Amino acid sequence: MLSFWEKNSFIDHDYIIIGSGLMGLHIAYELIEKEPNAKVIVLERGVFPSGASTKNAGFACFGSLTEILSDFTLNGVEKTLETIKERYEGIELLCQRLGKNNVGYEANGGYELIFEKDLHSLDKLEEVNKSLFPIFQQDVFELVNEKIEQFGFDPDIVKALIYNRFEGQIDSGKMMQSFLKLVSSKGVQILTGCEVLAIHETDSRAIAEVTHNVLKERLCFSAKKIFVCTNALLNMLYKEEIVKPGRGQIFVTKPIPNLPFKGVFHFDEGFYYFRNYEDRVIFGGGRNLDFIKEESQEFEYNEMVLENLKAILTEVILPHVHVEIELQWTGIMGFTMDKNPIIKKQSDKVIVAMSCNGMGVALTGISAKKALLLLD
Ligand SMILES: Cc1cc2nc3c(=O)[nH]c(=O)nc-3n(C[C@H](O)[C@H](O)[C@H](O)COP(=O)(O)OP(=O)(O)OC[C@H]3O[C@@H](n4cnc5c(N)ncnc54)[C@H](O)[C@@H]3O)c2cc1C
């Protein structure tokens with residue numbers, strides 16, 4: 001049973017945010033900026049944020065050439081360019097909000113490895129540069145094939161290399177720690193171990209139900225509005241299928257002396273990605289090898305995908321280097337059919353903000369701003 005004090009001070013709020021990933025924290029920040037005296041609480045099911053925001057690869061990117069070309073086909077040129085602009089502005093917003101040092105930002109640039117099957121995309125490089133010019137005021141993509149051997153890649157497989165000076169990399173752990181500290185310092189309360197099991201509404205309040213882990217009884221947190229920022233787990237709260245989960249397999253190597261490259265790297269429309277973290281390599285992706293099994297919200301390994309990643313690492317990326325894997329993990333992304341974010345009023349008192357289709361480091365900041373506009 002709750003005490004009089006607990007009932008008086010812990011239960012009622014102005015705003016409840018469900019999920020303490022990047023989206024939830026950006027929304028918390030925006031709310032406090034807008035209403036400095038508002039009582040804002042974040043309810044997180046994990047002991048700390050436990051979604052994609054702490055499991056990703058830390059790319060500060062907005063799309064490689066092959067991915068952009070695929071998005072042109074899916075969403076049209078105009079919509080794709082709008083999204084690219086928002087991703088780029090979102091990265092700037094994140095760095096500005098937290099400070100580049102606090103997110104471990106490094107401007108090492110990005111590269112796309114082109115294999116035989118994607119060589120035809122090079123014919124479109126100039127055209128895509130022209131389309132992106134109004135956003136970046138410079139050419140974004142440039143061929144740097146001379147670096148293929150310098151970086152130690154297998155030149156029989158990597159047929160071309162495209163450089164993108166505007167991409168960078170972050171330390172996702174450092175970033176999330178900084179963000180938690182920032183919003184806490186502004187008076188936002190973050191409760192962990194609070195899985196919201198249901199949302200419902202009265203005439204005047206929105207209610208988030210949680211089981212109290214000590215009392216073993218249902219708690220009903222209440223607020224004027226609830227923001228649902230549970231990303232891939234959105235469907236657990238609603239019967240309709242709003243998003244599809246997409247699991248990412250990922251690993252980090254032990255330090256590699258004299259690692260020949262720095263930066264973020266992608267190939268195959270962004271389905272594969274690797275980067276340096278100091279002198280290690282973080283490598284993930286391959287979801288497209290087993291779409292059905294990887295449409296999962298369970299943190300399990302897919303040995304077939306991991307074996308494929310390891311083979312590419314040792315045969316194509318670092319063919320002449322002894323590599324040992326230090327740690328592997330999985331993370332769950334949330335996907336929509338058209339790869340566009342969902343920012344919508346689920347009801348009068350509930351707003352759903354789910355961005356990110358594997359690009360949330362970049363996009364959550366701008367999506368959070370859009371979610372706040374739904375308050376008015
Ligand atoms: C392997 C991987 C690699 C990625 N690489 C990149 C990249 O390089 N660049 C990039 O831009 N993006 C990348 N992303 C995507 C990016 O990380 C996400 O788009 C972004 O972090 C989403 O933030 P979010 O706050 O919406 O969701 P999440 O970070 O998933 O946060 C949702 C939170 O809600 C909590 N939650 C869920 N259900 C409940 C509930 N019922 N009650 C309470 N809490 C709940 C979860 O525990 C979680 O903490 C990657 C993602 C993965 C998985």
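A salt bridge is taken here as a side-chain nitrogen of Lys or Arg within 4 Å of a carboxyl oxygen of Asp or Glu. In this predicted model, a search of the whole structure finds 18 salt bridges. One of them joins Glu 89 to Lys 85, with the closest N and O atoms 3.0 Å apart; because the two residues are 4 positions apart in helix 4 (residues 77–98), about one helical turn separates them. Glu 89, at 32% relative accessibility, is partly exposed, and Lys 85 is likewise partly exposed, at 38%.

A salt bridge is also formed between Arg 247 and Glu 294, with a distance of 2.7 Å from N to O. Since Arg 247 lies in strand 13 and Glu 294 in helix 8, this pair ties together parts that are 47 residues apart in sequence. Arg 247 counts as buried, at 2% relative accessibility, as does Glu 294, at 1%.

A polar backbone atom of Arg 45 is 3.1 Å from a nitrogen atom of the ligand, whereas a polar side-chain atom of Asn 56 lies 3.1 Å from an oxygen atom of the ligand. Of the 1000 Å² of accessible area that the ligand has on its own, the protein covers 97%.

Notes: Residues numbered from 1 in each chain as written. Predicted model: local features only at pLDDT ≥ 70, side-chain atom pairs only at ≥ 80, totals over all residues. Heavy atoms only, no water. Polar contact = N/O pair within 3.5 Å; in protein donor to acceptor, adjacent residues only side chain to side chain. Areas by Shrake-Rupley, 256 points an atom, 1.4 Å probe, with all protein chains shown as cover. Buried < 20%, exposed > 50% of the residue type's maximum accessible area, 1.4 Å probe, protein only.
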